[in-house]
Amino acid sequence: MDGRQELHINHLHSSVLQTIFGALGPKDLCRSSAVCTLWRDLNLDKVAEQRWRRFYSARWQLRGEKDRMTGWQKLYGAKIRKSRIWQGQYQADSLFGHKGGVRCIKLLPERNLVATGSLDKTVRLWDLEGGIPLSCSKLHGGTVRRLAIGQDTLVSGSTDAVLRVWDLAKLKTPQQSAPRKLIGHTGPISGLALVDSTIYSGSWDCSVRVWDKDRTKPKAVFKYDDWVWAIVCRGPSLVVAAGKDVIFQDAATGKIIYHAKKIRQEGHVSCLESTQDSRVIFTGAADGVVQMHDTRARFFTSTLWSHTAGVSDLAFEDPWVASCSHDGSLAMINIEKKLHSANEISQSPAKLFPRASDSRKIAWKGGPVYCVDMCSEWLACGSESPVVKSWDFRGAEAAAMKARAQREARKRRKGKRLEPKRRLPCIASSDDESHELKESKTGSESDSDDMDSNQQAPLIPPSEMMHQGCGYWNHIRGGESTDEGEMLEAYA
């Protein structure tokens, strides 16, 4: 090489390599970690931990992991594996207690709680795992239409235009905790979001008000040209569905970032959901169609599902979208390929609906479904019936592993049954007699009469006979190999 030292990428400073790794996505980072020890160590240091934290927070809400300092890569991988459970088995449960249809529902699995609002003008708090009612509020001034729940706060919005705020720590018995009322709207509450200590409420009075949960006066008021039907707040972004339009704005200042006009040809946008980074939103409308809108591609629109009646609510747990409708159906759609693939986003969809392997329908017989929520490993919904329905997917992974092991066992047993049987040569009892082969009779009786039953087999050398015997025993063992690599592959 003319006396010059050969250059290699590993000769670069670690800070330069970290800058290169910072431009990679999660999958490419995992592949790069398997290249060499140096790259693996760089993907496990403090800089890499912050990178994996950003990857995680861009897809899922930080709940009990906010104070976590290390292990973000493992946490990200565990969350990806857990997303497969929504295609598995579940345990269904029913919660009884309301006297009218359930209009809104919110899950808080970290505290084993589920909150519901109903047409009977009450809010109820339940034990999620046990299905036991824990608390019931006093009567509201109208139907409870919206709920928002945090680690220590519960907020309700009803048709009397009043917000009520509870402290979850004090909400133990039905009449022990009186809510704090936030008054300011002049129309029914149609949207509600809770971010830390800030409350965002949308109403049919064509406004969104921003509140501090410890104060009774709004911090800011944002006005719109049409009724507000739904709101979603993700980090610094506030997304509002007003009539047929969707407005993106800064959550702190209210400055409009992007205004998507008339994204629906028929009817208003009835429900709204968004990814954690607000780059992709999901809308449902009275026409029954669930759509995905990507702001990275000039508001590219893709159809995810079509109900036979209006969509009443949406829930999102990356990469799954749950939608419910007034036709009584509850659908779940996996959008992993569309959501995190640049090729899928930039091209028009080849099919109108996702493949069967990417979606599923949950059986429901409770009439029109009004609300749905999904979080962690739980799915819950409310309907025209006063019964709250929940589905527990925590045992789906274990059930899938058990089913896979049973399938492998059946394949092995079936393979052994289909193997052709061989007969070993039989040795005559007399020392002077030669070796004879016992052959089974085949064909019809007329053919068997022409055969010579006393026909003898040719002599077989003992060494060849031993070889045939070994082949036989290897065969009846199912052809198992002593090669360790093959055994590991078979039982992986």
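This is a predicted model: local features need pLDDT of at least 70, side-chain atom pairs count only at pLDDT 80 or more; totals for chains, interfaces and linings use all residues.
Is Lys-262 buried or exposed?

1. Lys-262 is exposed, as its relative accessible area of 62% is over the 50% cut-off. You will find Lys-262 in the loop between strand 17 (256–260) and strand 18 (269–274). Its phi is positive, about 50°, although Lys-262 is not a glycine.

2. With a relative accessible area of 59%, Asp-196 is exposed.

3. For another backbone detail, look at Asp-318 and Pro-319: the peptide bond joining them is cis, with omega about 10°. Pro-319 sits in the loop between strand 22 (311–317) and strand 23 (320–325).

4. Four antiparallel strands make up an open sheet, in the order 1-28-27-26. Strand 1 (91–95) and strand 26 (369–375) are its edges, each pairing on one side only. From one strand to the next, the twist averages 15°. Strand 1 and strand 28 (residues 388–392) run antiparallel and are joined by five bridges; Ser-94 stands opposite Lys-389 of strand 28.

5. Finally, the surface carries a nonpolar patch formed by Ile-9, Leu-12, Val-16 and Ile-20, which together have about 290 Å² of accessible area. Ile-9 lies in the segment before helix 1 (14–21) and is partly exposed, at 38% relative accessible area.

Technical notes
Residues are numbered from 1 along each chain as its sequence is written. Side-chain values use heavy atoms; hydrogens and water are left out. Two strands pair if DSSP finds at least two bridges between them. Helices (H or I, at least four residues) and strands (E, at least two) are DSSP runs, numbered from the N terminus. Axes are lines fitted to C-alpha atoms, for helices over the stretch in contact, and angles run from 0 to 180 degrees between N-to-C directions. Patches are made of residues with over 30% relative accessible area and no salt bridge: like charges are joined within 9 Å, nonpolar side chains (Val, Leu, Ile, Met, Phe, Trp, Tyr) within 5 Å. Accessible areas come from the Shrake-Rupley method with a 1.4 Å probe; for residues, only the protein chains shown count as cover. A salt bridge is a side-chain nitrogen of Lys or Arg within 4 Å of a carboxyl oxygen of Asp or Glu. Buried means under 20% relative accessible area, exposed over 50%, partly exposed in between (1.4 Å probe, protein chains only).
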